[in-house]
Amino acid sequence: MNTVLGLAFLATTVAQPAPGWLQDAETCNGWYHRWDDAALAQMRDALFVIGVPPDKKVIEKAHGQGTRVLVYVTFYQMPPGKTYQKANVSDHPDWNVIHPDGKEGISVFDSSDNPGWRTVCPNSPDYRRYALEYTKFIMDQGADGLFIDNGHPDVTCEAPEFGRHQHLYPGKDNIYAYRKLLEDVRAAVKGYGEDKIIIVNPGTPRKEWVGACDGQMLESYICTHAADHRWHKEARLLDFQRAWGPPADEGHAVVALSYIGHTGNSPREDAFYCYAWARISSFVWADWFTAKDVARALYKLRLGKPTGPMQRGDGYYMREFERGAVAVSSESRAATFGLSAKGHAGVYDVFAARRLKLGRSGNCEITLEPRQGRVYLFR
Ligand SMILES: [Zn+2]
């Protein structure tokens with residue numbers, strides 16, 4: 001089945017890429033606190049921000065300052081006994097995932113953020129109806145789309161065996177049903193305009209969702225609140241780049257979210273390192289405003305389209321864009337290399353906040369200590 005689906009993904013990726021504005025996005029952000037005027041003011045440099053409440057007035061304010069906004073939703077889990085996303089799962093026993101032992105599915109976040117939350121079944125006809133109804137409600141508020149968290153459904157549901165609900169797709173697992181749900185949600189969202197989007201967060205992007213959404217999130221990219229060190233090493237970052245750079249270049253956006261401020265490094269160093277790796281890989285970089293006090297300049301950068309693929313040199317990786325370049329040094333070695341300023345007035349080092357001296361040939365020589373990321377603007 002994997003092979004057949006794999007081919008289908010490839011076809012749909014090319015046929016239905018994300019809208020141009022998302023393909024051109026370089027950074028974005030997220031905000032899960034109050035969307036008051038102060039919060040909105042700090043979003044001015046962001047192309048789009050995830051986490052807006054489904055509230056017409058707030059969305060209009062964001063649009064007024066040129067910020068696109070996505071509403072956070074989950075189609076994975078719900079808290080029993082209370083209203084969440086306009087519904088109470090306890091009123092809908094036919095929404096729960098049922099495991100082979102006959103018990104209701106429990107969220108993987110049960111022991112952390114969401115105690116007691118149940119998983120829901122994308123193969124349940126009434127749950128599907130509800131998900132689309134809630135999508136319509138969000139889009140009616142004027143949102144630019146949905147950020148669908150927890151894109152990792154419980155794979156099997158035995159509800160038909162236990163008489164809890166029948167399945168829309170009998171005999172199919174929830175990878176199939178969840179993809180179908182994403183396709184339907186995306187179609188509903190596109191009904192409000194081709195520039196509207198859905199981004200799915202499975203934690204790490206999954207090939208199964210390519211073509212069923214406009215993009216996916218790679219959460220806790222390099223820096224995370226769950227580790228006191230950079231937990232994605234160079235080899236893993238190259239794996240991500242190899243696996244997800246090409247789909248990103250074809251129009252399946254990958255949002256790499258780094259939580260800055262939890263390692264022993266300087267947060268500014270971490271922010272530039274994560275940003276540079278993301279941009280080298282064709283990913284949209286996000287930090288959920290965790291670097292706003294140390295690296296706000298990154299939010300404003302508009303490097304333009306890449307002018308070539310990632311280049312690999314002695315102890316460094318680099319990529320050039322229309323209006324600048326990004327570089328990272330390896331984990332173990334310093335690097336020295338030349339950056340050509342040919343055709344440009346000069347080179348500005350964003351980290352150091354200064355123009356670099358050009359050599360006679362029009363090149364500037366750059367030296368990086370190990371584990372550094374930098375960004376340069378041609379100007
Ligand atoms: Zn089910």
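This is a predicted model: local features need pLDDT of at least 70, side-chain atom pairs count only at pLDDT 80 or more; totals for chains, interfaces and linings use all residues.
**Ground rules.** I number residues from 1 along each chain, as its sequence is written.

I looked up the strand order and found 8 strands forming an open sheet, β1-β2-β3-β6-β7-β8-β9-β10, with parallel pairing. Strands here are DSSP runs of E with at least two residues, helices are runs of H or I with at least four residues, and both are numbered from the N terminus; two strands pair if DSSP finds at least two bridges between them. β1 (29-30) and β10 (284-286) stand at the edges with a single partner strand each, so one side of each has no neighbour in the sheet.

I then followed β6 (residues 145-149) and β7 (residues 197-200), which run parallel and are joined by 4 bridges. Phe 147 has Ile 199 in β7 as its bridge partner. Helix α6 (residues 174-190) packs on the sheet and touches both β6 and β7, its direction making about 150° with that of β7. For such angles, axes are lines fitted to C-alpha atoms, for helices over the stretch in contact, and the angles run from 0 to 180 degrees between N-to-C directions. Contact between two residues requires their C-beta atoms, placed from the backbone, to lie within 7 Å.

The contact between them takes 13 residues from domain 1 and 15 residues from domain 2. On the side of domain 1 that touches domain 2, α7 (234-249) and α8 (267-280) are the elements giving two or more residues, and α8 gives the most, with 8 residues.

Which residues touch the most other members of the largest nonpolar core? I find Val 255 and Ala 256, in a core of 103 residues. A nonpolar core is a set of buried Ala, Val, Leu, Ile, Met, Phe, Trp, Tyr and Cys residues joined through C-beta atoms within 7 Å. A residue is buried with 20 or more other C-beta atoms within 10 Å of its own, exposed with 12 or fewer, and partly exposed in between. α8 gives the most to this core, with 9 residues. Both domain 1 and domain 2 give residues to the core, so it lies between them. Leaving aside neighbours within four places in sequence, I list among the contacts of Ala 256 Leu 218, Tyr 221, Phe 283 and Trp 285.

Asn 150, in the loop between β6 and α6, has a positive phi near 55° although it is a residue other than glycine. It is partly exposed, with 19 other C-beta atoms within 10 Å. Arg 371 also has a positive phi, about 65°, and is not a glycine; Arg 371 is found in the loop between β17 (363-368) and β18 (373-378), and is partly exposed, with 18 other C-beta atoms within 10 Å.

Is Pro 170 buried or exposed? Pro 170, found in the loop between β6 and α6, is exposed, with 8 other C-beta atoms within 10 Å. Pro 170 and Phe 137 are 33 residues apart in sequence and, C-alpha to C-alpha, 29 Å apart in space.

Note on methods: Domain bounds come from an automatic or database domain assignment.
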